[in-house]
Amino acid sequence: MAWSEILPLLLIPFAGTTIGSAAVLFLGDKFAERIRNILLGFASGVMVAASVWSLLIPAMEESASMENLAWIPAVVGFLLGVLFMLLLDTFTPHLHPDSNKPEGPDSKLGRSSMLVLAVTLHNIPEGMAVGVVAAGVMTGELGMSFAGAMALAIGLAIQNIPEGAIISLPLRSAGNSRKRAFAYGTLSGVVEPLAAIVTILFIEHLSGIFPYMLAFAAGAMIYVVVEELIPESHNGRHSNIPTIAFTIGFALMMVLDVALG
């Protein structure tokens, strides 16, 4: 499959971020806490299901020839993905929407820039996930179908819609105009197709790395979910609500992957 055919697939998650960021053009300056928690819970569920069905299970299936050791590429890749995000999280200055204290090294960046960087970090593993699956489609490896790759891209786009809104509205609250908040929110999603393209180019030059890269992307996404999305979704007293939203997001992604994959 040629680049011209696969490129629209890579842009689907970015489109979700753009649509979500557009909420700042029509809504108030911020979400009610309960709505925000529901959206974060839903996004967490989608990402966990995508990590399992679209990435970890295919990684182990691709390593089936290793028999009882088929788990090794999945575990190694998964741990490396977590470590990669841990390093990015540690050495990149960023600020989460629900916090007034920046994370990472000291920086002279403004609040808006660090808010954008926080969401950009979230989006890197999503772009990598779409990239590695798209590479499987392009090369004919993994037995990966275009429909399966499309299911992953659509699932991530769906969860990017609330994530786009969750970043653009705080940017508006931070004093940016609606148009600038929308532009910054959209900008945070540009990293997704870029990460996907870099991942595809990386895989094309290294044979036998598919199962490791699938698990790597899964580990990176799970890190984001456990480190940030789930804790942020349980702010406030209504912790059962984001848990239900997580379940719905997980089930939706599972259905998309199995039905289309």
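Which residue forms a salt bridge with E232? In this predicted model, where local features need pLDDT of at least 70, side-chain atom pairs count only at pLDDT 80 or more, and totals for chains, interfaces and linings use all residues. Residues are numbered from 1 along each chain as its sequence is written, and side-chain values use heavy atoms, with hydrogens and water left out.

**View 1. The salt bridge of E232 and R36.** The partner of E232 is R36, with the closest N and O atoms 3.6 Å apart; a salt bridge here is a side-chain nitrogen of Lys or Arg within 4 Å of a carboxyl oxygen of Asp or Glu. Because E232 belongs to helix α8 (residues 210–233) and R36 to helix α2 (residues 33–62), the pair ties together parts that are 196 residues apart in sequence. Helices are DSSP runs of H or I with at least four residues, numbered from the N terminus. Both E232 and R36 are buried, that is, under 20% relative accessible area with a 1.4 Å probe and protein chains only.

View 2. N160 is buried, its relative accessible area being 0%. Leaving aside neighbours within four places in sequence, N160 is in contact (heavy atoms within 4.5 Å) with P13, G16, T17, N123, E126 and E192.

**View 3. The bend in helix α1 at I12.** Helix α1 bends by about 35° at I12, and the proline P13 follows within four residues; the bend is the angle between axes fitted to the seven residues ending there and the seven starting there. Among the buried residues of α1 are P13, G16 and T17, and the cover over its buried residues includes α4 (111–139), α5, α6 (178–189) and α7 (191–204).

How values were computed. Buried means under 20% relative accessible area, exposed over 50%, partly exposed in between (1.4 Å probe, protein chains only). Helices (H or I, at least four residues) and strands (E, at least two) are DSSP runs, numbered from the N terminus.
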